[in-house]
Amino acid sequence: MFKMPVGLYEKALPAALSWEERLAAAGQAGYDFVEISIDESDERLARLDWPASERAALRQAIANTGVQIKTMCLSGHRKYPLGSHSPQLRQQGQEILRKAIEFAWDIGLSVVQVMAYDVFYETSDEETRANFMIGLDMGARWAAQTGIMLGLENLDTPFVDSLSK
């Protein structure tokens with residue numbers, strides 16, 4: 001019989017726990033996987049630059065607990081939006097997306113969920129929406145090279161507030 005896997009968002013667990021403790025707690029609570037958060041905080045963005053040893057430790061925690069990290073919520077683009085009017089912020093956003101895809105591939109994640117904000121702290125307009133689509137297209141090409149799937153989180157803005165958009 002097919003069992004639908006159910007995951008738990010990382011931020012639902014105490015931040016003070018080690019990755020092995022988080023994964024074990026999720027498994028003990030009946031969850032099949034955990035979704036990792038790469039938000040706009042320096043601490044979580046820094047995960048994308050973890051050295052091989054730290055990534056290996058995360059893969060070992062997954063192996064030890066049997067609880068996968070299958071998805072990533074990539075909300076770091078709130079601070080570094082793909083659609084920004086600023087070329088520097090757009091470049092940082094593209095770099096974050098590229099690193100997130102590489103991180104996902106290295107750890108064994110299947111999906112990187114991109115927030116569908118063209119911008120968050122700026123005013124959205126035709127230029128920001130066009131910039132976002134260019135950045136998302138680049139990300140889709142990078143993801144295709146690794147077999148990672150990009151998910152698009154529809155949000156509470158007129159830009160992408162429904163599946164049809």
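What is the handedness of the crossing of H1 and H3? The crossing is right-handed, as computed from a predicted model.

## Helices H1 and H3

Helix H1 spans residues 19-28 and helix H3 spans residues 52-65; their axes come within 9 Å and cross at roughly 30°. Because angles under 35 degrees count as roughly parallel, H1 and H3 are assigned to that class.

On the H1 side, the contact is formed by Trp19, Glu20, Leu23 and Ala24, and on the H3 side by Leu58, Ala61, Ile62, Asn64 and Thr65. By residue class, this contact of H1 with H3 comprises six nonpolar, two polar and one charged.

## Helices H3 and H4

H3 also packs with helix H4 (residues 87-107), at an angle of about 45° and with the axes 10 Å apart. H3 and H4 are therefore oblique to each other. The crossing in which H3 passes H4 is right-handed.

H3 contributes Arg55, Leu58, Arg59 and Ile62 to this contact, while H4 contributes Glu102, Phe103, Asp106 and Ile107. The residues of the contact of H3 with H4 fall into four nonpolar, no polar and four charged.

Leu58 and Ile62 of H3 are listed in the contact with H1 and also in the contact with H4.

## Strands S4 and S5

Strand S4 (residues 111-115) and strand S5 (residues 149-153) run parallel and are joined by five bridges. Within this pairing, Val111 lies opposite Met149 of S5.

Notes: Residues numbered from 1 in each chain as written. Predicted model: local features only at pLDDT ≥ 70, side-chain atom pairs only at ≥ 80, totals over all residues. Heavy atoms only, no water. Axes fitted to C-alpha atoms, helices over the stretch in contact; angles between N-to-C directions. Helix = DSSP H or I, 4+ residues; strand = E, 2+ residues; numbered from the N terminus. Parallel < 35°, antiparallel > 145°, perpendicular 65-115°, else oblique. Left-handed = near helix turned anticlockwise from the far one by under 90°. Contact = heavy atoms within 4.5 Å. Nonpolar A, V, L, I, M, F, W, Y, C, P; charged D, E, K, R; others polar. Pairing = 2+ DSSP bridges.
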